[in-house]
There are 4 protein chains.
Amino acid sequence: MANSKYEYVKSFEVEDKLMPSTWIVLRIDGRHFHQFSDKHEFKKPNDERALELMNACAEAMFEEFPDLVFSYGVSDEYSFVFKKTTEFYNRRSSKIVSITVSFFTSFYVMKWKDFFPDKDLKSIPSFDARTVCYPSTKIVRDYLAWRQKNFDLHLLGKGVFIPMDYKLATAFSFVGHINNQYNTCFWKLIESGKTKSEAQDRLKGTQTQDKNEILFQLGVNYSDLPAIFRKGSCVFKDKVEEIVKYNENGQPVKRSRNKVITDHCDIIGDKFWKDHASILEDE
Amino acid sequence: MANSKYEYVKSFEVEDKLMPSTWIVLRIDGRHFHQFSDKHEFKKPNDERALELMNACAEAMFEEFPDLVFSYGVSDEYSFVFKKTTEFYNRRSSKIVSITVSFFTSFYVMKWKDFFPDKDLKSIPSFDARTVCYPSTKIVRDYLAWRQKNFDLHLLGKGVFIPMDYKLATAFSFVGHINNQYNTCFWKLIESGKTKSEAQDRLKGTQTQDKNEILFQLGVNYSDLPAIFRKGSCVFKDKVEEIVKYNENGQPVKRSRNKVITDHCDIIGDKFWKDHASILEDE
Amino acid sequence: MANSKYEYVKSFEVEDKLMPSTWIVLRIDGRHFHQFSDKHEFKKPNDERALELMNACAEAMFEEFPDLVFSYGVSDEYSFVFKKTTEFYNRRSSKIVSITVSFFTSFYVMKWKDFFPDKDLKSIPSFDARTVCYPSTKIVRDYLAWRQKNFDLHLLGKGVFIPMDYKLATAFSFVGHINNQYNTCFWKLIESGKTKSEAQDRLKGTQTQDKNEILFQLGVNYSDLPAIFRKGSCVFKDKVEEIVKYNENGQPVKRSRNKVITDHCDIIGDKFWKDHASILEDE
Amino acid sequence: MANSKYEYVKSFEVEDKLMPSTWIVLRIDGRHFHQFSDKHEFKKPNDERALELMNACAEAMFEEFPDLVFSYGVSDEYSFVFKKTTEFYNRRSSKIVSITVSFFTSFYVMKWKDFFPDKDLKSIPSFDARTVCYPSTKIVRDYLAWRQKNFDLHLLGKGVFIPMDYKLATAFSFVGHINNQYNTCFWKLIESGKTKSEAQDRLKGTQTQDKNEILFQLGVNYSDLPAIFRKGSCVFKDKVEEIVKYNENGQPVKRSRNKVITDHCDIIGDKFWKDHASILEDE
């Protein structure tokens with residue numbers, strides 16, 4: 001009656017525990033979001049509703065998984081940082097990857113209509129995910145800087161939901177002629193009625209100043225673009241002081257609690273991390 | 001301008017390629033489906049609509065991922081077998097796990113209303129997933145037998161969406177007093193108005209015959225239950241012959257093609273595998 | 001008093017169990033053996049005593065580790081095949097790698113004087129090692145064919161203890177102008193008094209026939225070279241029938257037992273494996 | 001002619017790169033050294049020559065592998081710490097494990113006669129090895145403290161070359177009745193002519209004071225034992241200032257260089273690490 005005859009198949013399972021005392025970074029990426037963004041007619045280069053749906057998913061992740069401390073999202077990707085001491089699912093990589101990406105996806109589909117009340121889902125959105133461990137705070141900050149820098153160089157202008165694949169991005173990073181400004185220009189020219197190849201021709205050989213001039217002519221001031229387009233989004237937990245009540249003397253009684261905050265900050269420089277020192281502190 | 005200063009963080013990524021020339025089994029499990037089934041008032045021990053939604057997800061997987069050859073599902077779990085030679089995402093485990101569970105979840109949420117038109121989703125369904133590799137056909141068949149046997153012994157009766165967790169199931173497998181019949185009895189008694197502890201008391205010490213008698217009094221014949229409840233579900237690709245047209249002599253012109261089939265079979269014995277020899281053939 | 005305060009460091013150990021039911025191949029390679037063979041004045045292209053010391057080490061491995069079934073050695077490398085069902089050190093890769101390479105090295109140093117009574121060890125011989133798993137008999141045979149073919153193409157002629165490093169060998173495999181015959185020629189020319197560049201010049205542009213002619217003039221018939229030089233060495237366990245005693249009627253009483261055999265065979269074709277079918281049989 | 005038909009077998013090799021920016025600890029352990037120490041009649045509980053041979057091997061490792069920064073040895077085990085930034089063999093675990101254990105073993109056999117001129121090797125000494133990574137200096141220090149503490153509690157007294165196996169040691173660590181003092185007593189009683197069971201009986205129920213009294217009667221003062229017996233051995237690289245020459249004014253000209261030092265220190269407390277701050281510094 002027992003199942004013991006077949007139990008041996010369990011011996012083929014492989015332990016995939018992530019190294020203790022390291023920061024676990026989980027990166028979720030849209031799968032085939034180039035097509036997905038076309039099919040659902042996302043605005044290029046940035047579709048604010050699509051970005052806000054991603055941010056809502058990230059916020060929900062913080063409600064569901066208490067060991068998350070920080071996340072950074074741009075376009076169709078989101079990186080989540082678990083605290084160094086987390087014992088979430090015993091640090092088993094498959095469990096962490098599958099449960100989080102499944103939750104993220106579920107929320108994305110459930111909330112779609114809240115952000116796109118006028119659009120039905122025409123295809124099945126899905127995401128991939130992976131974990132990477134980083135042994136020190138310095139390196140996890142470099143990881144986050146890498147994602148923001150990468151975005152800054154390549155991704156924004158390619159359309160929020162048309163990220164280059166990694167190899168292409170890497171190739172371009174050597175060539176170095178693609179950046180935000182280029183792409184913002186590119187898409188503004190498209191918007192103004194140019195074809196893709198006309199826009200490319202117009203931009204060929206232009207310098208920073210030339211492109212600013214083009215943007216100016218098109219009525220755009222790059223630095224006036226909303227921060228969400230220029231910086232991506234951070235969702236994180238931070239300690240905030242709240243007034244709970246007033247005592248008999250009319251003095252406020254405060255309490256500090258962790259609150260989930262969404263913002264669009266520079267996370268490459270030191271300022272953000274000094275202002276929010278508790279996020280990556282070592283405990 | 002280049003991103004090279006931070007590129008080094010990529011060196012922390014770990015290769016997780018699964019061994020070539022082995023069968024990759026992916027198992028997807030509902031997360032917190034005990035609560036989920038309570039919240040959505042699934043019928044105990046079996047909710048046909050809930051099972052059919054799972055099956056629909058499995059069928060969609062076969063449409064999306066052409067290297068799948070077989071799957072077996074029961075309760076809130078589904079095991080998928082990729083062909084031995086698959087190069088799906090270069091056999092990278094994180095990619096396979098995340099993309100499939102994300103797709104499965106997405107489809108589950110999108111199709112919910114087709115199966116439960118009268119019920120809104122009250123919580124966020126999510127699944128975990130893992131991969132295991134098996135080096136031979138014999139062992140992958142033993143894996144599938146293990147899942148069906150396990151189900152047969154423990155899970156069905158606990159309510160389709162109330163699977164025991166593994167440890168509990170293992171514990172019971174030694175005790176051995178829990179099985180389909182017990183659970184079918186248990187839930188029928190509940191249905192007839194008993195409380196859980198009354199039902200337990202009524203069944204204490206009963207033998208197979210006693211339980212059959214109870215079921216009979218409640219108007220149930222266990223072997224008359226639908227196969228989906230007794231056997232779980234198989235979704236697989238099989239070669240079928242189809243008549244494409246009739247030629248000038250009125251003779252049928254046939255063509256063989258792979259068709260996705262859903263059935264409820266015994267996959268422990270040899271018969272099924274002899275009848276469908278192409279599924280696990282070694283190429 | 002207890003050590004529990006520090007015990008947590010054990011949680012950083014990583015499980016490295018090799019997949020069950022697969023053939024474990026262990027490959028041991030000389031480290032810096034180019035220098036080592038120069039320093040100990042090994043004969044080029046082949047030093048018979050050096051090869052025989054390697055074979056003696058392989059034979060000792062078979063005495064020490066009963067789950068070995070076959071091994072193939074050439075130059076300063078040796079590949080060992082463990083039976084598919086071995087539970088040697090629980091199939092933990094680090095244990096297998098370290099224990100075997102340590103034993104092999106120990107034996108090499110201890111037996112050095114038996115093979116080189118006239119030479120002291122002038123530097124510290126050491127080896128590296130790795131494990132690879134193969135899921136089927138066909139693939140493990142292809143692995144062994146790969147080692148013998150590789151040798152045949154590139155290694156022999158480069159001097160038994162001057163194997164090319166892998167990258168170089170790969171590069172040459174595309175160029176394809178290096179092989180046994182070339183190298184045998186090359187070293188024979190050196191032996192006859194030519195410098196290395198004179199020998200290279202002499203061979204430039206020669207065809208098979210030209211080289212045979214050169215060898216013939218130098219008094220060498222390639223196919224007359226000892227098999228150990230042309231084929232490498234196999235050490236394996238095989239069933240042999242032995243006469244234990246004679247019974248009262250004078251009839252021999254036989255017993256079959258496993259005996260360790262060293263030979264120099266072609267292991268690319270089928271013949272050897274048909275003649276020794278029990279070696280890689282699946283149990 | 002090319003080898004490409006079989007090259008595919010290389011795709012079964014698994015990448016085993018250790019996480020960058022972490023301390024790599026390599027632990028080498030004698031295999032079957034209980035028997036080995038018996039066969040070669042090592043003194044119990046401590047054989048000074050055997051320990052010194054181990055230390056000589058450790059010193060040779062520092063000459064051979066420049067990225068080693070610290071090592072700690074006791075009985076038949078030795079732990080080596082590679083610097084955090086090492087790129088030794090690309091941080092591939094199999095390479096590191098095999099090359100180091102092979103070198104260590106080779107040196108052990110080659111130098112045997114220097115330490116035991118009166119004894120031939122009667123069996124083949126071998127060692128196992130493994131790597132573990134630690135993400136921070138604190139944890140690598142805890143690892144080293146764990147080895148010294150473990151030794152202090154259990155191993156010394158069991159005879160330098162009769163370490164308990166790990167499970168036994170762990171079991172005892174809860175019971176807590178075995179320690180250095182106990183074992184020193186035990187072996188002194190053996191030395192004085194008692195049998196093993198007589199010695200055990202004599203020590204049953206004794207307290208610290210009683211055992212000191214026994215040792216005193218046997219003419220032993222535990223704290224007078226050489227540090228190598230009480231503390232184990234550290235081999236490490238440290239910066240030392242050396243006088244290179246004297247200048248024209250007769251003033252010494254100094255230079256700092258890395259020197260390999262062997263000592264027997266407490267490495268659990270802070271003092272050693274403060275005095276040698278450069279060893280584990282983060283660069």
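Visitor: Where does A:Asp29 sit?
Guide: A:Asp29 lies in strand S1 of chain A, which covers residues 23-30. One note before we go on: this is a predicted model.

Visitor: Is A:Asp29 buried or exposed?
Guide: A:Asp29 is buried, because 20 C-beta neighbours fall inside 10 Å. The cut-off for buried is 20 or more.

Visitor: What does A:Asp29 touch?
Guide: Leaving out residues up to four places away in sequence, A:Asp29 touches A:Asp76, A:Glu77, A:Phe127 and A:Asp128.

Visitor: And A:Asp76, where is that?
Guide: A:Asp76 is in the loop between strand S2 (68-74) and strand S3 (77-82) of chain A. A:Asp76 has 25 C-beta neighbours inside 10 Å, so it counts as buried too.

Visitor: Which UniProt annotation covers A:Asp29 and A:Asp76?
Guide: The UniProt record, an unreviewed entry, marks A:Asp29 and A:Asp76 as "binding site". They are spread over 48 residues of sequence, yet they cluster in space, with a largest C-alpha distance of 5.8 Å.

Visitor: Switching to chain D. What is the strand order in the sheet?
Guide: S4-S1-S3-S2-S5-S6. It is an open sheet of 6 strands in chain D, with antiparallel pairing.

Visitor: Which strands are at the edges?
Guide: Strand S4 (127-134) and strand S6 (252-263) of chain D. Each of these pairs on one side only.

Visitor: How are neighbouring strands turned against each other?
Guide: By 25° on average, direction ignored.

Visitor: What packs on that sheet?
Guide: Helix H3 of chain D, residues 48-64. H3 touches S2, S3, strand S5 (233-246) and S6 of chain D. The direction of H3 makes about 60° with that of S5(D).

Visitor: How many bridges join S2 to S3 in chain D?
Guide: There are 6 bridges between strand S2 (residues 68-74) and strand S3 (residues 77-82) of chain D, and the two run antiparallel. On that pair, D:Val74 stands opposite D:Glu77 in S3(D).

Visitor: Now chain C. What do S5 and S6 form there?
Guide: S5(C) and S6(C) form a hairpin, with 5 residues between them. In the turn, C:Gly250 has a positive phi of about 80°. The two strands, S5 at residues 233-246 and S6, run antiparallel and are joined by 12 bridges.

Visitor: What is the bridge partner of C:Asp238?
Guide: C:Lys259, in S6(C).

Visitor: How many residues of S6 in chain C are buried?
Guide: The count is 0 among the 12 residues of strand S6 (residues 252-263) of chain C, so this strand is hardly covered.

Visitor: On to the interfaces. How many residues of chain C are in contact with chain D?
Guide: On the chain C side, 44 residues are in contact with 44 residues of chain D.

Visitor: Which elements of chain C supply that side?
Guide: Helix H1 (4-7), helix H4 (93-115), strand S4 (127-134), helix H5 (137-155) and helix H6 (166-175) of chain C each give at least two residues. H4(C) gives the most, with 13 residues.

Visitor: What is the make-up of that side by class?
Guide: The side of chain C that touches chain D has 26 nonpolar, 10 polar and 8 charged residues.

Visitor: And how many residues of chain C contact chain B?
Guide: Here 7 residues of chain C are in contact with 7 residues of chain B. The chain C side has 4 nonpolar, 3 polar and no charged residues.

Visitor: What rotation superposes chain C on chain B?
Guide: A rotation of 180° with 0.1 Å of shift along its axis, at an RMSD of 0.2 Å. The two copies are therefore related as by a two-fold rotation axis.

Visitor: Which C-alpha of chain C is nearest the axis?
Guide: That of C:Pro135, 2.6 Å from the axis.

Technical notes: Residues numbered from 1 in each chain as written. Chains lettered and ligands numbered in written order. Predicted model: local features only at pLDDT ≥ 70, side-chain atom pairs only at ≥ 80, totals over all residues. Contact = placed C-beta atoms within 7 Å. Nonpolar A, V, L, I, M, F, W, Y, C, P; charged D, E, K, R; others polar. Pairing = 2+ DSSP bridges. Helix = DSSP H or I, 4+ residues; strand = E, 2+ residues; numbered from the N terminus. Axes fitted to C-alpha atoms, helices over the stretch in contact; angles between N-to-C directions. Least-squares fit on C-alpha atoms with pLDDT ≥ 70 in both. UniProt positions renumbered as here; feature names shortened; annotations may be inferred.
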